[in-house]
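Please keep the structure open beside the text as you read.

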Number of protein chains: 2
Amino acid sequence: MDRYLVVSSDGHAGPPANRYRDYLDPAYRTMFDEHQRALQALILQRREELGGDNSEFIRRWEKLTGGDGGLLAAHDSAARLAILDSEGVTCEVLYPDADVLGTGRVAASPFGSGLGGGAGYEPDVAMAGARAHNRWLADFVAEAPLRRVGLAVVPMLADIDAAVAEIRAAHERGLRGVLIPTRWYDYPAYNDDRYEPVWAACHELGMPVHTHAGSGPTDVVPGSRGFLGIYTAEAGWWGYRPLHVLLWSGVFDRYPSLIYVPTELGSFWVEDLFRKLDAKWDGDHNTAKFGNDNPFREALRDRPSDYLGRNIFIGASTPGAEDMQRRDYRRINDAVMWGNDLPHPEGTFPFTKYWIRTRFADLPDHEARQILGLNAARCYGLDVAALGPIVARVGVTHDEIYGDSHLEAAPF
Amino acid sequence: MDRYLVVSSDGHAGPPANRYRDYLDPAYRTMFDEHQRALQALILQRREELGGDNSEFIRRWEKLTGGDGGLLAAHDSAARLAILDSEGVTCEVLYPDADVLGTGRVAASPFGSGLGGGAGYEPDVAMAGARAHNRWLADFVAEAPLRRVGLAVVPMLADIDAAVAEIRAAHERGLRGVLIPTRWYDYPAYNDDRYEPVWAACHELGMPVHTHAGSGPTDVVPGSRGFLGIYTAEAGWWGYRPLHVLLWSGVFDRYPSLIYVPTELGSFWVEDLFRKLDAKWDGDHNTAKFGNDNPFREALRDRPSDYLGRNIFIGASTPGAEDMQRRDYRRINDAVMWGNDLPHPEGTFPFTKYWIRTRFADLPDHEARQILGLNAARCYGLDVAALGPIVARVGVTHDEIYGDSHLEAAPF
């Protein structure tokens, strides 16, 4: 086939505040109105903490993207499909919190229930916000169900029963994965038995579990010396930390078809991490001192890298050159999934075809197909046959990646 | 010169408990005796938590090393020099806590004041233990001052004034660097102003600041599912975390000749870390959204990698193949320092020449010389001229690294 099944493993969606309001349980609407009023002040304060005014960047970005920074596509189905079509993307996975610049054009998942995992909010309030987002998202997915994999936001730390109930409700409405908090903060780590009902439910329902970049340290505080540099140096590690915690906890042996996906962290780190994990399981010299039997092998049925592309997929989002160079170790090529991060300004929009060509022209065709779409199709059980006509109509072409054609592109 | 200046940036030293007792302030000796009695039980318990009995490994290791696992060399000056001489090592940096296997042949730095940074002990008790170790170490260094760089253990978190006093006392006695806790636990992070007197003292006295691998997560607890795998997956990151915290705090701009050395973490991670740090400082696309001015460049005078080999050195200890392969980025070759980890069983002893040949034969001669010794000479201000006769007598030869000679080696 000349055209590629391109799946973005990292998109963001959400409506303006007044739409979220309609999806909230009535008891939380007054609180939501107050929260929305306070939020703009908070955004300005955080912007200040992070280093200043970004209004010039917003102006440039909105001009480049036709006036709205792509944020109409965060909630308008037709606008979103038009972008996907023009950029060669067939299908996408939908996370919350589209407006990272703080323009106010759309709202974040209510009460910090999105990428923030509910941190800083009363548990029932965060879960009410999650329900509102998940209801809205189910309706948004229903407008193009073949092309959208919606992830339920589940701020699960405080109340496991409520989390499981929301996972089941979201599945019932057609959502196909779960976003959990990246950090567990003062709650037990994810290797604790208390989370077992969550993993069991996600396994039973076939819903991959996700974390997404964004959470950082809590012991280095905003406003302290060098905070922004420290935060950006660490956010990647905090983002994929649940991977080795879940893996060594044996959860994938207890729930053999459970899937975990850390997203928007690139993939350059996967090789180094799994070399180390495998070395322990293989029983290297540094391991021998721990005991006569290899305790690592007792903890885990298979070699750590065997779980790549089976129980662990990597949402690499907009890969850099270093991500593409570090694919040789074992099953990495079976696990890495491209993404456009639409409509975040660090994403590939509006130059997706340019960036795909830049990153994939040096890859063998079959590996490009895996990372651009086939791995995601396996991870999410996509109906590739049903997607065929859409691929045939909009998919990125072989020539657009490997040919001599010169894409017009002026990368931002 | 045919022979190389080989400096181990990672050795461990400490005497049996009854020797430490003599160096303790009298008020702490009874407590020390009780602690020593309790310690063996604790070691056994920890061994159990970590996965079982390691007695068979200890028997094999002690047989291989002539009966004592190299632990006589942890405190006997002549025994230590005999090992260095036979293995081609001229000079070494001395950390505490030689007996990682828990054999009881020698004691750890009293009251957890060594690699544990005093965690779990009353601050005054930990500092008393540190004073005892530092006094003993100063005497041990004095037996071969040209060949030994002694690091003062300084559990500094609770009492900064006491820490500065101990740093000055240790310097007075001839110690030439400081080991601080790798983790700050519930104290403020190392970018906090409260630590300023410590950095100022180390800068004034020309004592590089060190952290050493060993500390791991506190929110994943021993005995929980997969703990050992999670610990080993994370210990590296916790070990070098102070690097980016100190760097972005601007401490190297305020104290331009202050040096920080994270040790026994390999060096494979340095390239990836500094690529990311540099990209922020350079102002990449992901940075632009934060503001109109680049806040990273405002936080730091020079590009992050410019601090490598100047304010930041890397104690790579016994490097693996992946450490040697990741040296191409900017000033990494000016910063990485080899080490033997003597007498820890994961070190190169008793096959140091075999491992040096294995890791360095593919490097250009001048880069091998940098990593094997010249970087350490710069980091610690070693008197290379005075060391010349020792190098000429014992140093690893060019032929031992690059020649056709077959070293007898039976790696453990």
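In chain B, helix H5 (residues 123-142) packs against helix H6 (residues 160-172) at an angle of about 5°, with the axes 11 Å apart. H5(B) and H6(B) are therefore roughly parallel to each other, a label given to angles under 35 degrees. Axes here are lines fitted to C-alpha atoms, for helices over the stretch in contact, and angles run from 0 to 180 degrees between N-to-C directions. Helices (H or I, at least four residues) and strands (E, at least two) are DSSP runs numbered from the N terminus.

Before going on, a word on the source: this is a predicted model, in which local features need pLDDT of at least 70 and side-chain atom pairs count only at pLDDT 80 or more, while totals for chains, interfaces and linings use all residues. Residues are numbered from 1 along each chain as its sequence is written, and chains are lettered from A and ligands numbered from 1 in the order in which they are written.

Which residues meet where H5 and H6 pack in each chain? The table lists them; two residues are in contact if their C-beta atoms, placed from the backbone, lie within 7 Å.

| Chain | Residues in H5 | Residues in H6 | Axis distance and angle |
|---|---|---|---|
| B | B:Met127, B:Ala130, B:Arg131, B:Asn134 | B:Ala162, B:Glu166, B:Ala170 | 11 Å, about 5° |

The residues of the H5(B) and H6(B) contact divide into four nonpolar, one polar and two charged. Here Ala, Val, Leu, Ile, Met, Phe, Trp, Tyr, Cys and Pro count as nonpolar, Asp, Glu, Lys and Arg as charged, and the others, Gly among them, as polar.

Now to the strands of chain B. Strand E2 (residues 91-95) is mostly covered, with five of its five residues buried, that is, with 20 or more other C-beta atoms within 10 Å of their own. B:Cys91, B:Val93 and B:Tyr95 lie on one side of E2(B), and B:Glu92 and B:Leu94 on the other. Strand E1 (residues 7-12) pairs with E2(B) in the parallel sense over four bridges; pairing requires at least two DSSP bridges. E2(B) and strand E3 (residues 148-153) also run parallel, joined by three bridges. B:Glu92 is the bridge partner of B:Ser8, and its partner in E3(B) is B:Arg148.

Finally, B:Ile332 is found in the loop between helix H13 (321-325) and strand E8 (336-338). B:Ile332 is buried, with 21 other C-beta atoms within 10 Å. Leaving aside neighbours within four places in sequence, B:Ile332 contacts B:Val270, B:Glu271, B:Leu308 and B:Arg327.

Technical notes:
Buried ≥ 20, exposed ≤ 12 C-beta atoms within 10 Å, placed from the backbone. Parallel < 35°, antiparallel > 145°, perpendicular 65-115°, else oblique.
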